[in-house]
Amino acid sequence: MKTEVNEPKEYFERSIVFVLGVLAIGIALLFLSGYLLINANPWGTVTAIPGISFAIQGLWLIVNPYAIVYNDRFEIQQSLLYHRQFYFLDLKGLDDDKSLMIYNDDDKEPLKLFGIKTSHAKLLKQRLSEKITESLNNR
């Protein structure tokens with residue numbers, strides 16, 4: 001029995017400035033909370049929680065790509081809490097001007113590309129348009 005593995009075809013990276021910004025916020029909050037806790041200020045625990053959250057988010061952003069394109073679908077992993085898969089079979093088109101995805105039933109959904117490299121955003125839209133056209137031709 002042979003199982004078919006769906007391998008990714010392309011990866012699209014995040015903006016380095018965005019990742020470094022998230023990490024800088026996390027590190028700054030952690031240093032602030034450490035300073036407050038050393039001075040026996042209870043606000044140190046309050047600032048530690050978002051500091052840890054930003055630090056974990058920053059490390060997650062380093063490890064995971066922004067978008068992954070497969071043969072039949074694409075994934076957008078915008079943050080630790082926002083993962084979304086879109087299947088090319090469900091899509092009818094892509095409006096590049098407004099960054100909208102158009103479904104088969106003419107519903108429109110914005111394609112959120114916050115945090116992706118600007119050069120990769122254009123390339124991602126181009127690849128998605130090609131894959132959607134290919135999917136429409138294969139139906």
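**Review note on the predicted model**

1. S129 is partly exposed, with a relative accessible area of 22%; here buried means under 20% relative accessible area, exposed over 50%, and partly exposed in between (1.4 Å probe, protein chains only). The residue is placed in helix 3 (residues 118–138); helices (H or I, at least four residues) and strands (E, at least two) are DSSP runs numbered from the N terminus. Apart from neighbours within four places in sequence, S129 is in contact with L94 and D96, where contact means heavy atoms within 4.5 Å. S129 and D96 are 33 residues apart along the chain, and their C-alpha atoms are separated by 8.9 Å.

2. Residues are numbered from 1 along each chain as its sequence is written, and side-chain values use heavy atoms, with hydrogens and water left out.

3. The protein has three helices and seven strands, which follow one another along the sequence as β-α-α-β-β-β-β-β-β-α. Its radius of gyration is 20 Å, well over the 14 Å that the globule rule gives for 139 residues, so the protein is more spread out than a compact globule. That radius is taken over C-alpha atoms, and the rule is 2.2 Å times the number of residues to the power 0.38. Along the principal axes, the C-alpha atoms fill a box of roughly 65 × 45 × 25 Å.

4. Helix 1 (residues 16–38) contains 23 residues and reaches 33 Å from its first C-alpha to its last, close to the 33 Å expected at 1.5 Å a residue; the expected span is 1.5 Å times one less than the number of residues. Its buried residues are V19, V22, L23, G26, S33 and L36, and these pack against helix 2 (43–63).

5. For the 21 residues of helix 2, a span of 30 Å should result at 1.5 Å a residue, and the end C-alpha atoms are 31 Å apart, which agrees. G44, T47, A48, G51, A55, Q57, G58, W60 and L61 are the buried residues of this helix. Their cover includes helix 1, strand 3 (73–77) and strand 4 (83–87).

6. Most residues other than glycine have a negative phi. A40, in the loop between helix 1 and helix 2, has phi near 60°, a positive value in a residue other than glycine. A40 is exposed, with a relative accessible area of 68%. D106 has a positive phi near 65° and is found in the loop between strand 6 (100–103) and strand 7 (108–110). This aspartate is partly exposed, at a relative accessible area of 48%.

7. Some totals complete the picture. Of the 139 residues, 38% count as buried. Among contacts between residues at least 6 apart in sequence, 53% join residues at least 24 apart. The protein exposes about 9,000 Å², of which carbon and sulfur atoms supply 61%; this area comes from the Shrake-Rupley method with a 1.4 Å probe.

8. There are 15 positive and 16 negative side chains, and the centres of the two sets lie 3 Å apart. Lys and Arg count as positive and Asp and Glu as negative, with His and the chain ends not counted; each charge is placed at NZ of Lys, CZ of Arg, CG of Asp or CD of Glu.

Terms used: Predicted model: local features only at pLDDT ≥ 70, side-chain atom pairs only at ≥ 80, totals over all residues.
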